[in-house]
Amino acid sequence: MEVGHIVMWRVAGATAAERSRNCMTIRNAFEGLRDRIPGLLELEVGIDTSRVDYACDVALYTRFRDAQSLEGYATHPEHLRVKRELGNIRTERYQVDYSRSHAA
């Protein structure tokens with residue numbers, strides 16, 4: 001059964017320009033994982049445009065073939081590299097993993 005994985009972050013930055021640069025850095029880093037992770041079917045990175053005070057700055061949506069593929073992603077060297085590179089620019093993190101059923 002396919003698995004959806006959503007992660008949302010707030011980013012560091014003293015100015016709007018710095019936060020914007022950090023959002024783009026996160027987007028580019030995760031988009032670089034396309035076609036590198038076995039079982040990763042879909043990857044999308046969105047940057048918040050609402051600017052409401054309770055919104056996260058960046059959202060990552062990924063879809064995996066199955067739970068084992070998501071587990072492999074969590075420990076994949078390329079994913080771990082991205083996490084290390086981005087560690088200091090993310091200030092808060094939220095995550096949801098869920099089963100995706102194709103039944104109508």
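This is a predicted model: local features need pLDDT of at least 70, side-chain atom pairs count only at pLDDT 80 or more; totals for chains, interfaces and linings use all residues.
Residues are numbered from 1 along each chain as its sequence is written, and side-chain values use heavy atoms, with hydrogens and water left out. Helices (H or I, at least four residues) and strands (E, at least two) are DSSP runs, numbered from the N terminus.

Where α2 meets α3, Tyr73, Ala74 and Thr75 of α2 are in contact with Pro77, His79 and Leu80 of α3, contact being heavy atoms within 4.5 Å. By class, this contact has four nonpolar, two polar and no charged residues. Ala, Val, Leu, Ile, Met, Phe, Trp, Tyr, Cys and Pro count here as nonpolar, Asp, Glu, Lys and Arg as charged, and the others, Gly among them, as polar.

The buried residues of α2 (67–75) are Ser69, Leu70 and Tyr73. Buried denotes under 20% relative accessible area, exposed over 50%, and partly exposed the range in between (1.4 Å probe, protein chains only). Seen down the axis of α2, these buried residues fall within an arc of 100°, so they line one face of the helix; the arc is that of the directions from the helix axis to the C-beta atoms. An α-helix has 3.6 residues a turn, so residues three or four places apart point the same way. The face of α2 turned away from the buried side carries the exposed residues Gln68, Glu71 and Thr75. The cover over the buried residues of α2 includes β1, α1, β3, α3 and β4.

Helix α3 spans residues 77–86, and His79, Val82 and Leu86 are buried in it. They cover an arc of only 60° around the axis, which puts them on the same side of α3. Pro77, Arg84 and Glu85 are exposed on the other side of this helix. The buried residues of α3 are covered by elements including α1 (16–31), α2 and β4 (90–100).

Helix α1 also packs against α3. The axes of α1 and α3 come within 10 Å and cross at roughly 170°, and the two helices are therefore roughly antiparallel to each other. Thr25, Ile26, Ala29 and Phe30 of α1 make the contact with His79, Val82 and Leu86 of α3. The residues of this contact divide into five nonpolar, two polar and no charged.

The largest nonpolar core has 21 residues, and those with the most contacts inside it are Ile26, Phe30, Leu60 and Tyr73. A nonpolar core is a set of buried Ala, Val, Leu, Ile, Met, Phe, Trp, Tyr and Cys residues joined through side-chain atoms within 4.5 Å. Two or more residues are given to this core by each of β1 (2–11), α1, β2 (40–47), β3 (58–64), α2 and α3. Not counting residues up to four places away in sequence, Phe30 touches Trp9, Leu43, Val45, Leu60, Tyr73, His79, Val82, Leu86 and Arg90.

Contacts between residues separated in sequence also involve the strands. Thr91 lies in strand β4, and its C-alpha atom is separated by 5.8 Å from that of Ala12, 79 residues apart along the chain. Thr91 touches Arg10, Val11 and Ala12, not counting residues up to four places away in sequence. Gly46, in strand β2, counts as partly exposed at 30% relative accessibility. Leaving aside neighbours within four places in sequence, Gly46 is in contact with Asp57, Val58 and Ala59.

Two residues other than glycine have positive phi values. Asp35, in the loop between α1 and β2, has a phi of about 65° and counts as exposed at 83% relative accessibility. Arg51, in the loop between β2 and β3, has a phi near 60° and counts as exposed at 59% relative accessibility. Ser101, in the segment after β4, is likewise exposed, at 52% relative accessibility. Ser101 and Gly87 are 14 residues apart in sequence and 33 Å apart in space, C-alpha to C-alpha.

Terms used. Axes are lines fitted to C-alpha atoms, for helices over the stretch in contact, and angles run from 0 to 180 degrees between N-to-C directions. Angles under 35 degrees count as roughly parallel, over 145 as roughly antiparallel, 65 to 115 as roughly perpendicular and the rest as oblique.
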